[in-house]
Amino acid sequence: MGFDDDAAARVRARLTPTERKILEYVIEHEGKPCSKAQIAEALGRNQKTIDRLVANLRHEGLLVVEHAWGENGGQLANTYRLARHR
């Protein structure tokens, strides 16, 4: 089930300017691991703000986070990508 043009427009209208910038950053860096701190620095925003907005984007089904783990079990930088809607 995918977004029709009206649904996509409604989703875009609900996004804050910073949420839009996060999605733009993800598009530019898709497939490359990055931390929320890196996103915050690139966008000139506070890391807590980025954390909250990434959670919102995940909840809305717009953003997928792929967690990465090191050999010792420690978490590495996540990879972010846009959710694919059919």
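Biologist: What makes the three strands a sheet, and in which order do they stand?

Modeller: The three strands form an open sheet in the order 1-3-2, with antiparallel pairing; strands here are DSSP runs of E with at least two residues, helices are runs of H or I with at least four, and both are numbered from the N terminus. Two strands pair if DSSP finds at least two bridges between them; strand 1 and strand 3 have two bridges, and strand 2 and strand 3 have six. Strand 1 (33-34) and strand 2 stand at the edges, each with a single partner strand, so one side of each has no neighbour in the sheet. This is a predicted model, in which local features need pLDDT of at least 70 and side-chain atom pairs count only at pLDDT 80 or more, while totals for chains, interfaces and linings use all residues. Residues are numbered from 1 along each chain as its sequence is written, and side-chain values use heavy atoms, with hydrogens and water left out.

Biologist: Why is Thr 79 called buried?

Modeller: Buried means under 20% relative accessible area, exposed means over 50%, and partly exposed lies in between, with a 1.4 Å probe and protein chains only. Thr 79 has a relative accessible area of 14%, and therefore counts as buried. Leaving aside residues up to four places away in sequence, Thr 79 touches Gly 31, Lys 32, Pro 33, Val 64, Val 65 and Glu 66, where contact means heavy atoms within 4.5 Å.

Biologist: And why is Asp 51 called partly exposed?

Modeller: Asp 51, found in helix 4, has a relative accessibility of 38%, and so it counts as partly exposed. Asp 51 and Lys 36 are 15 residues apart in sequence, yet their C-alpha atoms are 6.6 Å apart in space.

Biologist: How do you know that the span of helix 4 agrees with its number of residues?

Modeller: The expected span is 1.5 Å times one less than the number of residues. For the 13 residues of helix 4 (residues 47-59) this should give 18 Å, and the end C-alpha atoms are 18 Å apart, so the two agree.

Biologist: What makes you say that the buried residues of helix 4 line one face?

Modeller: The buried residues of helix 4 are Ile 50, Leu 53, Val 54 and Leu 57. Seen down the axis, they fall within an arc of 105 degrees, so they line one face of the helix; the arc is that of the directions from the helix axis to the C-beta atoms. On the other side of helix 4, Lys 48 and His 59 are exposed. The cover over the buried residues of helix 4 includes helix 2 (17-29), helix 3 (36-43), strand 2 (63-69) and strand 3 (75-82).

Biologist: What is found at the start of helix 4, and what follows the helix?

Modeller: At the start of helix 4, a side-chain oxygen of Asn 46 reaches to within 2.6 Å of the backbone nitrogen of Lys 48. Helix 4 is followed by Gly 61, which has a positive phi, near 80 degrees.

Biologist: How do you know on which side of helix 3 its buried residues lie?

Modeller: The buried residues of helix 3 are Ile 39, Ala 40 and Leu 43. They cover an arc of only 100 degrees around the axis, which puts them on the same side of helix 3. These buried residues pack against helix 2, strand 1, helix 4 and strand 3, and helix 3 is followed by Gly 44, with a positive phi near 70 degrees.

Biologist: How many helices and strands are there in the protein, and in which order do they run?

Modeller: The secondary structure comes to four helices and three strands, running α-α-β-α-α-β-β from the N terminus on. Of the 86 residues of the protein, 30% count as buried.

Technical notes. A polar contact is a pair of N or O atoms within 3.5 Å; within protein, one must be able to donate a hydrogen and the other to accept it, and residues adjacent in sequence count only if both atoms are side-chain atoms.
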